[in-house]
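Subject: A structure for you to explore

Hi,

Here is the structure I promised to pass on. Please open it next to this email and follow along as you read.

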Amino acid sequence: MKLHKEAHAVYKTQYHIVWVTRYRRKILVGAIEVSLRKAFKEVRDYHPDWYIEETGTDKDHVHLHMIIPPKYAVSDVIESLKSNTSRILRERFAHFLKKVYWDNAGIWSTGFFVSTAGANEDAIRRYVANQGKEDAGQAKLVF
């Protein structure tokens, strides 16, 4: 398990993030999918402490496995990713996307799904319950 460090924090805040295209349009295929993956890398150039561990797409939605430092609100990170990738894709595929989306509201739906990923709940409960014993070196916990 790799931990990330900042000046005053050590963390492994992992998230599973999903969002869909507006109107569930099936546009994430071919060159658009390839450009989307490049766009994630371009956004990360501006935020090198955002770690996109894995990306996955289907024709109408995106899955990300990310590690986001605790100094950022997850919703702000998702908003930034969605707005920047939308802008990039609309610039690169303007002719096609104008046929699919007739306004300038972007290509992503307004909502998203996010869940945390990490140590399982039982391991955390055991760790918390045995904290005093572990500090004394009496309990051996396995994650």
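A residue is called buried when its relative accessible area is under 20%, exposed when over 50%, and partly exposed in between (1.4 Å probe, protein chains only). Please keep in mind that this is a predicted model, where local features need pLDDT of at least 70, side-chain atom pairs count only at pLDDT 80 or more, and totals for chains, interfaces and linings use all residues. Residues are numbered from 1 along each chain as its sequence is written, and side-chain values use heavy atoms, with hydrogens and water left out.

Let's start with strand 3. Six of its seven residues are buried, so by that definition the strand is mostly covered. (Helices, H or I with at least four residues, and strands, E with at least two, are DSSP runs numbered from the N terminus.) Strand 3 runs antiparallel to strand 5, with seven bridges joining them, and antiparallel to strand 6 (residues 113-117), with five. Strands pair if DSSP finds at least two bridges between them.

Next, the largest nonpolar core. Such a core is a set of buried Ala, Val, Leu, Ile, Met, Phe, Trp, Tyr and Cys residues joined through side-chain atoms within 4.5 Å. Which of its 25 residues touch the most other members? They are Trp19 and Leu81. Helix 2 gives the core its largest share, five residues. Beyond its neighbours within four places in sequence, tryptophan 19 has contacts (heavy atoms within 4.5 Å) that include Phe40, Leu64, Leu81 and Trp108.

Now for the charges. There are eight salt bridges, each a side-chain nitrogen of Lys or Arg within 4 Å of a carboxyl oxygen of Asp or Glu. One of them joins aspartate 103 and arginine 22 (2.7 Å, N to O). These two are 81 residues apart, aspartate 103 in the loop between helix 3 and strand 6 and arginine 22 in the loop between strand 3 and helix 1. Arginine 22 is buried at 11% relative accessibility, while aspartate 103 is partly exposed at 28%. Another salt bridge, between glutamate 33 and arginine 37 (3.2 Å, N to O), stays within helix 1, where the two residues are four apart, about one turn of the helix.

Enjoy exploring, and write back with any questions!

Best wishes
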